[in-house]
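Subject: Structure for you to look at

Hello,

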Amino acid sequence: MSQTNHGLGGLKYDPTKKSRASEWNVLAALVLIILVFEGLNRLNGTSFLFNMRDNVDTLFNQQRLDIIILQVSITGIIALGVTQVIILGGIDLSAGSVVGATAMITMSFAQTALVNGAPNPKAVFGDWAMDLPVIVPIAVGLVCGTIAGMINGLLVAYTKIPPFIATLGMMVSARGVARWWSNGQPVSFPTESYGELANGDVLGKLTFGLFSWDGQNPAVVFVALAVLFHLIMIYTLYGKRSYAIGSNEAAARMSGINVDRHKVLVYTIAGMLAAAASVLLTSKNLTAQAGMGVMYELDAIAMAVIGGISLSGGRGSIVGTVLGAGIFSVIISGFTSIQLDAYYQEMVKGAIIVGAVVLDQWRQKGRVRG
Amino acid sequence: MTDIVLETRGLTKYYGGVQALEDANFILRAGEHVAVVGDNGAGKSTFVRQITGVEQRTAGQIFFDGRETNHAGPLEAREAGIETVFQTLALADDLDVPSNLFLGRELFKFRLGPFSWLDRKTMRERTLEALKTTAVKIPNVDNPIRNMSGGQRQCVAIARTAAFASKLVIMDEPTAALGVQETAQVENIIRGLKERGVPLVLVSHNLRQVIDLVDRIVVFRRGRIVASLNKGETDGNDIVSYITGVKGSEPAHG
């Protein structure tokens, strides 16, 4: 038994009791869900995680893992930004549309002049925009995301309209930009170096083949960004301010934090992260379409919520979102592995999101009582 | 005249057409503890909000530390040396005790704009020191304060004020929501401030507490200062009659 102290007012208070980090629960849930799908697959004589085919010489089911990792990475990068916005006490519904608009615009600066000897049939601009160095489309993409995010932030911070409405407006407008950009036509045929961005093997090159597998780049970028923002959220003023504002905006303001400016910064970073995901996505697919990223914002929000980020702000962590992204993608992939119809998948997906929020509400009630 | 810490002349505040504070003349001397009492809506909190820069006054002058001041916000007032415990606790529930103590004045290992690296170790050590000097007992400062009792949270807020107090402390109803033991704890902190010679403006409804703790009692009624009573020359009934308007229908100097 742990020793209890009598605190002020005779309230019992257990000094050894520190609320267990909810990330451990999310991790446990992730493991549990993987085990459940493994079990369900075994009933059919297949496996969720492991390779069952004799003609392939790998331990794991590489194909499935690749799909899961890709989904975690691309949507996960968006979720990193959405997480910060939610911790701040806001919400970002525009991420998916920003992905779409950024995809179209970025791709227009990533095109190659000649496709199989013929002029690029999907060319958006003239020759001046063909075969540009790969840094140009990347920069263009990040600028797009920055602008969209900054508009979100300025609207939320200075017009005082609810973030839900501000980013809903951006969601609709950015999708409009995506469709208008090339009259609904896809933008395709990027330069080889642009295609390398997501399909390349950056760690393999850096480590001379030690950690080499094709198409790893999105995962590498995701992990790098996750680590970066984990450190930023925990160890820097940026993180401290975000949690403080999400926790008690009035108190943050009274403590001298420039709340409005910080909000603009956080929404801008979220926009940039959506743009980064867009660059990787178009590079992966070698094409951009106006409908790219539809519903990604909800997937990203779902990842955050499943990972224990409280929609009321102030609570949650990047680690939680990374694990939440894992759970989300494993569930989607798991449904496919047990051949559940896509319609059912969406229905269950909705239920999972609602369930995660209900859990969060329960947790909050528990805290108030405690 | 150099021992005057805070002085207001003709301090007035309208909210739209409502006159919340009218012609408040108030003086606080070095080391002095003054209570501000009055009925609900008498203008006590309005008075505090003008001094601390939370709101901008309609008219009048404020002199602090020998100079006329015009604080644009609570941070500016705080930087000038006015520490305030607000009626609504200005705490972030999801942050731990050190983060709350240093909210808005964090210490850094290195500066890099918004991405400045926090010096969490030093902030934690200073927090423990501050809690020690104010005799506030918090079992685990690393817990988010959401998990703490109302009294502990109030003590964190007051410890923050007391720890950083340089020239003036203002407390707006610090014990309103507290139990008996917790109130005693807060009163001990206030006595500690008196010993350290830190001047205090205490807004309170609790007359017993006021008579116990402070040197002088200023009574507000309907936005005006109606009395300034020295502790030795007054009692509960006297104060109540000023609060209710039985005595002192003429404005007085605080």
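This is a predicted model: local features need pLDDT of at least 70, side-chain atom pairs count only at pLDDT 80 or more; totals for chains, interfaces and linings use all residues.

Residues are numbered from 1 along each chain as its sequence is written, chains are lettered from A, and side-chain values use heavy atoms, without hydrogens or water.

Helix H8 of chain A covers residues 217–235, where a helix is a DSSP run (H or I) of at least four residues, numbered from the N terminus. Its 19 residues should span 27 Å at 1.5 Å a residue, and the end C-alpha atoms are 27 Å apart, which agrees; the expected span is 1.5 Å times one less than the number of residues. Among the buried residues of H8(A) are A:Phe222, A:Leu225 and A:Phe229, buried meaning under 20% relative accessible area with a 1.4 Å probe, protein chains only. The elements covering the buried residues of H8(A) include helix H2 (62–87) and helix H11 (259–285) of chain A.

Turning to the interface, 34 residues of chain A are in contact (heavy atoms within 4.5 Å) with 40 residues of chain B. The rule finds one salt bridge across it, a side-chain nitrogen of Lys or Arg within 4 Å of a carboxyl oxygen of Asp or Glu: B:Asp94 pairs with A:Arg315, with the closest N and O atoms 3.2 Å apart.

Best wishes

Definitions and conventions. Helices (H or I, at least four residues) and strands (E, at least two) are DSSP runs, numbered from the N terminus. Buried means under 20% relative accessible area, exposed over 50%, partly exposed in between (1.4 Å probe, protein chains only).
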